[in-house]
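Thanks for making the time this morning.

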Amino acid sequence: MTEWLNILIQGALLGGLYALFAIGLSLAFGIMRLVNIAHGDLIVLSAYIALVTVNATGMHPLASVVVVVPVMFALGYALQRGLLNFTLGGGLLAPLLVTFGISVIIQNVLLQVFNATTYRLQAGPIETASVGIGGIAVGVFPLIVFATATLSIAGLQLLFYRTAIGRAFRATSDDADTAELMGIDNRHLYALGLAIAMIFTAIAGVLMAVRSTFDPAAGPTRLIFAFEAVIIGGLGSLWGTLLGGMVLGIAQSVGSALSPSWQILAGHIAFLVILVLRPSGFFPRTRD
Amino acid sequence: MAGVTVERSTRASRAFGIVLLLGLVALATLPYWSGAGTMRLVSEMGYYLALAQLWNLLAGYAGLVSVGQQAYVGIGGYVLFYLTSDWGMHPLLAVALAGPIAAVISLPVALAVFRLRGAYFAVGTWVIAETFRLGVSLIESLGAGSGMSLTPAIVRQIAPDRAGRDLIVYWVSLAIVALVCAVVYLVLRSRHGLALAAIRDSEPASASLGVDTFRTKLTIYVVTAACTGVVGAFIFLQKLRLTPEVGFSINDWTVVVIFMVVIGGIGTLEGPILGVIVYFVLREFLSDYGTWYLILLGSVAVAIMLLAQEGLWGLIARRFDLRLFSLRRHLSH
Amino acid sequence: MSLLRTRGLRAFYGDFQALFGIDVTVEEGETIAIIGANGAGKTTFLRAVAGALACGAGMVEFDDRPTGARSAHEMVRRGVAMVPEGRRLFPSLTVEENLLIGAYCGRAGRWTLPRIYELFPMLAERRGIAAMSLSGGQQQMAAIGRALMSNPRLLLCDELSLGLAPVVIRDIYVCLGAIAAEGTTLVIVEQDINRALDASARFYCFQEGRVALTAACRDFDRAAITSAYFGL
């Protein structure tokens with residue numbers, strides 16, 4: 001019994017990481033209707049930036065967020081303002097194929113610079129520390145990741161529903177043309193939107209770098225996990241994404257318990273089943 | 001309106017038709033005036049051209065941008081290997097059967113994946129391909145992770161000697177490419193093709209006019225899957241060895257194909273041809289540079305999508321007002 | 001010095017030319033009407049003035065500065081606001097949030113949230129609900145309020161009476177009068193000629209992208225206007 005409870009809890013906490021993966025993807029789609037195929041590669045890029053920072057300064061991996069987040073924020077702003085803004089408004093081919101191209105470019109640049117070696121950032125005792133909750137040993141690090149995901153989503157909800165800029169984001173997402181007529185500079189807002197999305201992409205990258213190994217080709221798998229979490233949870237709902245991540249995490253956890261090579265496949269199967277049975281996810285909110 | 005007729009071909013397209021015919025004759029007789037190396041290269045260009053035309057049909061014409069066609073390449077390969085090893089079937093028959101089998105598999109896939117739109121559809125197709133890859137690598141009778149091989153006994157069924165096999169395989173490759181291009185061309189000239197053009201311009205409008213967008217898209221998806229399956233089976237007939245990694249590889253069968261179509265010109269029949277040529281020329285000169293080569297390809301594709309969406313062919317066609325494949329109907333007196 | 005002046009304003013949607021050289025002048029504090037049939041170019045004109053449609057820099061002069069090439073959000077900052085055709089409130093936002101969006105550009109002035117609620121009391125009662133659940137007339141008032149929140153010097157109103165009952169239209173035009181009395185310059189685009197002409201000092205009649213007729217409302221009789229309207 002506790003065996004299964006353990007699997008459930010591990011899976012749910014893993015879902016926190018997947019939700020963090022998914023936040024950036026969800027934000028970009030919610031604000032700009034942009035599905036960023038390079039999203040997973042940007043998570044991996046963040047991990048490599050963390051690696052470089054840790055190697056250069058010797059700081060603790062988790063502390064490297066103070067460097068990685070601003071860098072990715074700036075990168076996100078520049079990428080949207082300088083490149084991706086020009087793909088919007090003309091149909092789905094341009095944004096999709098441009099971000100696809102960017103994905104391939106990032107992967108190969110990373111491969112060129114860092115080779116195919118896998119890395120992992122050492123965070124010390126926190127990686128293996130655990131607390132006992134109701135007779136089950138729950139890892140401290142997974143709890144931190146889950147808490148980060150929850151706080152991030154809560155923070156974003158506050159941003160979107162309690163601030164002027166959040167209002168502007170929602171208005172632009174509804175009707176960009178009229179938002180412009182109300183004094184909102186769309187180009188700047190979209191760039192800011194991706195920049196904010198990158199904050200969470202950066203955090204996700206750093207946490208991932210500690211939790212598991214990564215290499216230049218790891219991007220697409222992260223994208224798929226993020227995507228599955230978003231679809232299971234329902235487009236347009238951030239809390240739904242958290243739930244989606246947890247469902248995915250639990251499915252993978254169950255699969256992994258049956259046999260390690262089943263882990264990712266179990267996640268895909270759960271995703272496909274939910275897609276067929278309940279295509280709009282659990283908490284759909286977006287009008288298409 | 002007396003004396004007005006609807007025509008399909010233009011003078012340029014008729015001239016091109018003749019050039020094409022001559023080219024096909026040259027290709028068919030290639031074994032007699034060139035060596036095995038060139039035959040393999042032409043075969044390889046051929047199957048990439050087939051994959052490119054199929055992806056273009058799906059994405060450029062039907063608006064279904066799939067990043068998961070590698071699923072059917074792998075399925076085609078595994079159908080070939082399984083039917084020849086476990087059922088003792090003749091390899092060429094197995095290649096042909098890969099088509100209908102891939103078509104049947106594509107139906108439930110479409111059921112799942114058509115629930116998604118736009119870029120989410122794209123990632124969905126990717127998940128499907130990954131699911132197949134992971135699933136197949138768990139199945140023992142398909143060789144699991146280490147894959148399968150075509151034994152010499154199987155291969156000898158095509159022809160007893162090496163030279164004979166090369167010849168037959170080469171002509172089969174030409175036949176497949178010609179068939180795929182013909183299928184794509186005929187689909188686009190048909191009612192479905194007209195429907196696609198309407199859907200591409202405006203899906204709601206065409207739906208309100210009675211165009212069954214779902215049926216049309218499904219038909220295109222299944223036909224493309226079937227053809228991709230045949231091409232996939234053929235690819236691995238040549239390679240003789242198949243693993244889940246290679247069979248369902250997104251880099252080999254999708255990334256490269258997408259770049260070819262985008263650079264050549266998405267949404268035109270001439271574009272993929274140009275794209276394949278450009279890709280192979282670049283590969284000749286740059287393949288030593290591995291990752292730089294892909295970075296270059298990626299950058300060119302990005303630049304084209306931002307600056308010249310019609311691709312290289314589009315630029316040429318606009319400059320010279322050229323259209324080689326007669327797809328449009330126009331009025332003449 | 002007029003507040004707004006357009007000189008030979010030409011505007012295109014892609015290859016399609018919608019305006020063929022419009023000359024319009026609006027003095028500060030005036031209310032003018034632009035009338036014309038569907039497709040005459042009235043909305044195109046407003047969008048060009050508001051910056052939502054690009055045109056030659058010198059073709060539009062606002063406050064004596066060429067603004068034809070300026071984008072819409074910049075024009076709001078300069079004091080040009082639009083009540084778009086069809087209201088176009090933001091569905092994801094409540095009534096109050098829609099009004100607050102209007103103040104995004106941060107222009108100071110008389111029109112604050114409390115004053116808007118004074119002008120439109122029924123909006124105050126419904127401030128927390130989704131904007132799209134308002135009736136047509138209430139939505140129109142919210143749209144006007146939203147535009148006012150940017151404290152514009154020039155307010156462009158596109159087809160306010162579209163789809164509304166006469167009683168509601170009457171109330172809206174009373175509010176417009178109050179707004180004009182505060183000194184705001186109004187350009188009113190309408191298909192309903194009578195309302196527009198009653199509210200305005202001067203009018204322009206557009207026909208197929210050109211000005212067919214312009215005069216003071218007092219001086220002209222309805223028959224002549226109808227002829228110009230239909231291009232007879």
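This is a predicted model: local features need pLDDT of at least 70, side-chain atom pairs count only at pLDDT 80 or more; totals for chains, interfaces and linings use all residues.

The contact between chain A and chain B takes 33 residues from chain A and 31 residues from chain B, where two residues are in contact if their C-beta atoms, placed from the backbone, lie within 7 Å. On the side of chain A that touches chain B, helix 4 (93-114), helix 9 (219-233) and helix 11 (263-277) of chain A each supply at least two residues, and the largest share, 14 residues, comes from helix 4 of chain A. Helices here are DSSP runs of H or I with at least four residues, and strands are E runs of at least two, numbered from the N terminus. By class, this side of chain A has 25 nonpolar, six polar and two charged residues; Ala, Val, Leu, Ile, Met, Phe, Trp, Tyr, Cys and Pro count as nonpolar, Asp, Glu, Lys and Arg as charged, and the others, Gly among them, as polar.

Residues are numbered from 1 along each chain as its sequence is written, and chains are lettered from A in the order in which they are written.

The contact of chain A with chain C takes 14 residues from chain A and 21 residues from chain C. Helix 6 of chain A gives the most to the side of chain A that touches chain C, with six residues, and that side divides into six nonpolar, two polar and six charged residues.

Now to chain C: is strand 8 (residues 185-190) covered or open? Six of its six residues are buried, meaning that 20 or more other C-beta atoms lie within 10 Å of their own. On one side these are C:Thr185, C:Val187 and C:Val189, and on the other C:Leu186, C:Ile188 and C:Glu190. Strand 3 (residues 31-35) of chain C runs parallel to strand 8 of chain C and is joined to it by five bridges, pairing being defined as at least two DSSP bridges, and C:Ala33 has C:Ile188 as its bridge partner. Strand 7 (residues 154-158) of chain C is also parallel to strand 8 of chain C, with five bridges.

Finally, C:Leu156 touches, among others, C:Leu46, C:Val80 and C:Val187.

Key
A residue is buried if 20 or more other C-beta atoms lie within 10 Å of its own, exposed if 12 or fewer, and partly exposed in between; C-beta atoms are placed from the backbone. Lists of a residue's contacts leave out its neighbours within four places in sequence.
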